[in-house]
Amino acid sequence: PDGLQESMAQVRVRVDDINDNTPQLQNAPYSCELSEAASVGTECVTVVATDADEPGTLNSELRFALTGSAVFAIDEATGAVTLQQPLDRETVPGYRLTVTATDAGMPARQSVASINVTVLDENDNFPEFTNSHALNCSLVENSDAAGTPCTRVDAVDIDEGPNGAVTFALEDDMGGAFSIGAGTGLITTTRALDREEAGHYTLRVVASDGAVVSKSRVTEVLVLVVDENDEVPTFTSASYACSLAEDVSIGTGCVHVEALDADEPGTPQSSVSYSLSGPGSSLFQIDSATGAITTAGGLDFESNRTHVLTVTAQDAGVPTVQSSSVTLTVTVLDVNDNAPVFDSSSSSYTCAYTEHPATETAQDCGPFEATDADEPDTPASTVTYALELIPDHSVLLNGGELPFEVDASTGVI
């Protein structure tokens with residue numbers, strides 16, 4: 001309208017900042033993973049925060065703080081969270097930390113966020129056997145065939161994942177006699193055992209983890225093979241023999257037999273006793289414990305020149321016994337214990353001669369034969385003949401000689 005005047009001027013308005021904005025933690029919540037082998041000083045995560053208040057003022061100046069564990073610390077200016085102490089996943093597998101961002105305004109404003117720290121496993125633990133103090137078993141020979149369980153070993157590894165996965169193996173399967181379940185630790189036989197081959201086995205069991213560079217432990221399992229009476233006493237000689245004169249006294253030694261039993265020493269299965277049998281066995285006796293054979297009666301060459309006996313060795317196994325036998329041949333040697341006997345039943349003989357025979361040739365009387373029951377063709381049974389004077393019944397020739405002579409070998413007079 002008429003009469004009004006106006007003019008324009010530039011007015012600058014200054015808005016003074018007040019601390020009306022709270023710090024904002026970016027990308028919260030936070031997390032990081034650290035190997036339990038990480039060295040002190042290793043950085044876990046860097047916290048980032050912003051404040052919308054005027055830059056370069058106290059209202060936007062931020063400081064960081066960390067709570068939850070002294071294992072970690074934070075740089076109050078940069079927000080870098082670092083490791084301050086060694087980690088052990090098996091003791092503490094993870095941490096939950098709290099980070100605070102605070103500005104310098106008056107009054108100060110702050111915000112809070114969490115940091116989850118996961119401790120990653122390293123293969124820093126060995127498998128440990130949990131029952132190694134009682135690892136043994138007893139198996140009966142022959143009767144325990146393939147697949148017979150012996151015992152089960154157990155081991156744990158407190159590492160995680162493959163580092164803690166335990167498998168089992170035998171250092172030596174004793175010629176294929178045993179096997180072990182890789183995952184179960186169950187030890188079984190793969191065939192029947194023979195105590196005479198081996199009375200016990202010491203198995204070395206290896207427990208290994210599944211790490212690329214694995215760790216392992218070893219324990220021992222004692223396997224006792226229980227004896228059964230499966231061995232026969234065996235004589236040290238296939239047969240025995242002795243020679244005895246027929247006039248030996250009772251108790252004279254003939255021979256010492258011996259049999260060995262391969263069953264477990266000191267048990268009834270290997271304890272051997274001896275006995276004699278057969279025609280004429282009553283003339284002999286055997287020490288059941290030592291096997292010494294001696295005479296128990298009189299021997300007579302003329303009645304029985306040879307005794308063939310059976311010697312038996314028997315063990316004391318239960319419930320069944322094992323035994324074996326060999327032949328003992330006793331040869332009776334002759335002694336000169338028989339006198340020659342004339343064949344005639346008469347104790348005297350008669351011969352008649354003609355007085356003044358027409359010829360002067362010798363006239364035979366006899367032969368007078370005698371036999372000897374001692375061994376033929378030996379001096380003890382070889383008979384020789386001789387004439388002896390019967391006093392008052394003989395006529396002597398001039399010179400004191402008998403008018404007869406006898407053939408020493410034939411008995412012809």
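Strands here are DSSP runs of E of at least two residues, and helices are runs of H or I of at least four, both numbered from the N terminus. With that convention, Val272 is found in strand β23, residues 272-277.

Good morning, colleagues. The model is a predicted one, in which local features need pLDDT of at least 70 and side-chain atom pairs count only at pLDDT 80 or more, while totals for chains, interfaces and linings use all residues. Residues are numbered from 1 along each chain as its sequence is written, and side-chain values use heavy atoms, with hydrogens and water left out.

Let me stay with Val272. This residue counts as buried because its relative accessible area is 16%; buried means under 20%, exposed over 50%, and partly exposed in between, with a 1.4 Å probe and protein chains only. Contact means heavy atoms within 4.5 Å. Beyond its neighbours within four places in sequence, Val272 is in contact with several residues, including Pro233, Ala259 and Ala313.

Ser324 comes next, in strand β27, residues 323-333. Ser324 is buried, with a relative accessible area of 18%. Residues up to four places away in sequence aside, Ser324 touches Val232, Pro233, Thr234, Phe235, Val311, Thr312 and Ala313. A polar atom of the Ser324 side chain is 2.5 Å from the backbone oxygen of Pro233.

I turn to charged pairs. How many salt bridges does the structure hold? There are 9 salt bridges, each defined as a side-chain nitrogen of Lys or Arg within 4 Å of a carboxyl oxygen of Asp or Glu. One of them joins Glu128 and Arg217, at 3.2 Å from N to O. This pair links distant parts of the chain, with Glu128 in strand β10 (residues 128-129) and Arg217 in strand β18 (residues 216-226), 89 residues apart. Glu128 is partly exposed at 38%, and Arg217 is partly exposed at 34%.

Another salt bridge pairs Glu171 with Arg204, the closest N and O atoms being 2.7 Å apart. Here Glu171 sits in the loop between β14 (167-170) and β15 (178-180), and Arg204 in strand β17 (residues 200-208), 33 residues apart. Glu171 is partly exposed, with a relative accessible area of 48%.

Glu197 forms a salt bridge with Arg191, at 3.5 Å between the closest N and O atoms. Glu197 counts as exposed because its relative accessible area is 53%, whereas Arg191 is partly exposed at 28%. Finally, Arg89, Glu90 and Asp121 are linked in a network of salt bridges.

Notes
A polar contact is a pair of N or O atoms within 3.5 Å; within protein, one must be able to donate a hydrogen and the other to accept it, and residues adjacent in sequence count only if both atoms are side-chain atoms.
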